[in-house]
Amino acid sequence: MPLPPGKSSGVVTAALAFSGMVVSMMFTLVVPIIPDLPRLVSASAEDASWVITSTLLASAVFTPVSGRLGDMYGKRRMMVISLALMVVGSAICALTSALPLVVLGRTLQGCAVGVIPLGISIMRDLLPPARMGSAMALMSATMGAGGAIGLPLGAVVAQYANWHVLFLVSAGMGVMGLVLTLALVPDSPLRTGGRFDFVGVAGLSAGLICLLLPISKGGSWGWTSPLTLGLFAAAAVILPLWGWAELRVTNPLVDLRTTTRREVLLTNLASIAFGFAMFGTQLVFPQVLQSPAASGYGLGLSLLDAGLCMAVGGGMMIVLSPVSARVTGAYGAKVTLILGALLAVSGYVTALLLMTEVWHVVLAATIVSAGAGLGYAAMPASIMSAVPTSETAAANGFNSLMRSIGTSMASAVIGAVLATQTVRLGAATLPSRGGLEVALIISAVAATAGMIVSAFLPRRRAARPGADRRLTPEHPDAGTRLPGNAGGPLAGDAALDVAGTSGEPGPRRTE
């Protein structure tokens with residue numbers, strides 16, 4: 001469908017990208033205060049870690065839920081609700097130091113992660129084909145760029161103000177995103193209808209909690225402890241049962257038949273690898289930049305200076321977003337994903353060879369971020385070229401969940417490596433150079449895995465400019481019915497042309 005009169009695609013894109021940037025920044029704004037959290041909330045280190053874990057779990061559970069609700073009841077409506085939850089959560093954290101309330105606030109903040117996949121789906125619904133590729137690439141880039149920008153911003157606030165100001169900043173930016181969304185982003189009338197799958201939500205939530213909680217807490221609980229092993233075992237039972245039940249529901253939370261299509265399945269697997277590889281930069285490079293020179297590898301920068309160095313990579317993701325759109329439009333998402341993974345591998349290899357100067361680390365981190373940016377921007381195009389228009393928000397939400405699983409795995413695996421390979425420096429214990437090198441190798445292997453998986457994606461011909469492609473029975477959107485379109489498959493403004501975003505033939509809007 002076309003944009004309403006008075007709404008330009010550039011304004012809509014800017015409003016959606018700003019909201020995505022706000023959500024990404026919200027996560028890393030708290031990084032500077034993580035070492036001090038036990039003191040700030042008057043709790044043990046183990047209990048204080050729930051401030052971080054709660055956000056991870058909430059984002060994993062709520063992202064696919066918000067996507068499905070967006071498809072059913074309106075994507076902009078769910079964006080507004082998600083941003084409102086973030087504002088409320090930020091306000092709670094800003095007004096209290098009590099651990100239970102801070103955990104509650106962080107849980108509500110985590111519910112906002114679905115803003116990015118919802119925004120991408122809105123772009124597919126509303127933007128003209130010529131603008132869709134670059135807009136989705138920019139929205140995807142906010143996932144990494146916002147996080148990179150949030151680190152130095154958080155360091156500045158933490159250094160010169162009370163820690164509660166971090167959450168006031170988050171709340172204020174959330175309000176700005178909320179206002180921009182309400183004022184500038186039109187609603188899409190595309191709806192799937194049907195009944196909400198409450199059983200599917202309960203099953204997926206239980207399975208994800210049982211999977212991600214021991215991944216996050218295994219280092220402190222012990223990887224062989226009964227609690228850790230028990231939760232993993234529960235996840236191994238619950239998730240297959242959930243999948244079995246979803247295949248028998250008329251309106252499932254996640255359409256597993258769609259997710260098992262070759263293109264969707266392989267893109268989701270690549271997303272896990274990219275999430276792992278990207279998070280490696282946030283675990284290794286800041287450690288190198290901030291550790292003292294006496295460690296044998298550290299460059300002795302302050303948290304603020306290290307954050308500014310890492311922000312360069314985030315900026316590169318934004319700069320390369322239109323490049324990713326052009327490459328994807330010309331050669332398909334497969335080529336873009338492979339190129340992105342290759343750049344990530346090159347960045348980690350660069351770090352293994354050059355890590356003695358600040359510019360070495362900045363160069364390596366920027367190369368990895370550039371690769372991740374290309375990959376992140378190509379994933380929505382790959383997903384949306386293979387799913388019905390009525391399921392874009394849910395499919396993008398599930399893809400975001402896969403990236404979250406990848407980052408969680410990276411945190412657990414690399415965290416365990418850095419915790420076991422250490423050196424003593426006075427009273428402090430720091431990761432050893434050997435441990436950091438092992439972490440770099442593991443991250444490079446993850447990026448390589450992403451490249452291999454991407455190589456098996458089907459490669460379709462790039463769309464010919466001006467070609468009049470319409471829905472065919474073979475296209476996944478064929479036969480999809482929407483309210484107001486009772487006459488048959490998608491037609492008119494409900495049929496969106498996704499060619500040019502992925503370089504693959506797709507349904508074309510007919511006039």
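**Salt bridges, helices and a patch**

Mentor: Let's start with Glu46, which is partly exposed, with a relative accessible area of 29%. Keep in mind that this is a predicted model.

Trainee: Okay, and which side chain does Glu46 meet in a salt bridge?
Mentor: That's Lys217, with 3.7 Å from N to O. Glu46 sits in helix H3 (residues 45–48) and Lys217 in helix H10 (residues 198–221), so the pair ties together parts that are 171 residues apart in sequence.

Trainee: Is Lys217 buried or exposed?
Mentor: Lys217 is buried, at 2% relative accessible area. The cut-off for buried is under 20%, so 2% falls on that side.

Trainee: Why would two such side chains pair up at all?
Mentor: Side chains of opposite charge can pair when their charged atoms come close.

Trainee: How many salt bridges does the structure hold?
Mentor: Five. Another one joins the side chains of Lys75 and Asp125, at 2.8 Å from N to O. This pair also links distant parts of the chain, with Lys75 in helix H5 and Asp125 in helix H7 (residues 115–126), 50 residues apart.

Trainee: And are those two buried or exposed?
Mentor: Lys75 is buried, with a relative accessible area of 2%, and Asp125 is buried too, with 0%. There's a network here as well: salt bridges that share partners join Asp71, Lys75 and Asp125.

Trainee: What about Arg39, which partner does it have?
Mentor: The side chain of Arg39 meets that of Asp36 in a salt bridge, 4.0 Å from N to O. Arg39 counts as exposed, at 59% relative accessibility, while Asp36 counts as partly exposed, at 34%.

Trainee: Back to helix H5. Which helix does it pack with, and at what angle?
Mentor: Helix H5 (residues 75–95) packs with helix H4 (residues 50–73) at about 145°, and their axes are 7 Å apart. On the H4 side the contact is made by Phe62, Ser66, Leu69, Gly70, Asp71 and Tyr73, and on the H5 side by Lys75, Arg77, Met78, Ser82 and Leu85.

Trainee: Changing topic: which residues make the nonpolar surface patch?
Mentor: Val349, Leu352, Leu353, Leu354, Trp359, Leu363, Ile441 and Val445 make it, and the patch covers about 740 Å². Helices H15 (333–353), H16 (358–384) and H18 (433–455) are the elements that give two or more residues to it.

Trainee: Which helix gives the most?
Mentor: H15, with three residues.

Trainee: And where is Ile441?
Mentor: Ile441 is found in helix H18. Its relative accessibility is 45%, which counts as partly exposed.

Trainee: One last thing. What's up with the phi of Ser42?
Mentor: Phi of Ser42 is near 55°, a positive value, and Ser42 is a residue other than glycine.

Trainee: Where's the place of Ser42, and is it buried or exposed?
Mentor: Ser42 is in the loop between helix H2 (37–40) and H3. At 70% relative accessibility, Ser42 counts as exposed. The cut-off for exposed is over 50%, so Ser42 is on that side.

Trainee: Great, thanks!

Terms used
Residues numbered from 1 in each chain as written. Predicted model: local features only at pLDDT ≥ 70, side-chain atom pairs only at ≥ 80, totals over all residues. Heavy atoms only, no water. Axes fitted to C-alpha atoms, helices over the stretch in contact; angles between N-to-C directions. Helix = DSSP H or I, 4+ residues; strand = E, 2+ residues; numbered from the N terminus. Contact = heavy atoms within 4.5 Å. Buried < 20%, exposed > 50% of the residue type's maximum accessible area, 1.4 Å probe, protein only. Patch = residues over 30% accessible without salt bridge, like charges linked within 9 Å, V, L, I, M, F, W, Y side chains within 5 Å. Areas by Shrake-Rupley, 256 points an atom, 1.4 Å probe, with all protein chains shown as cover.
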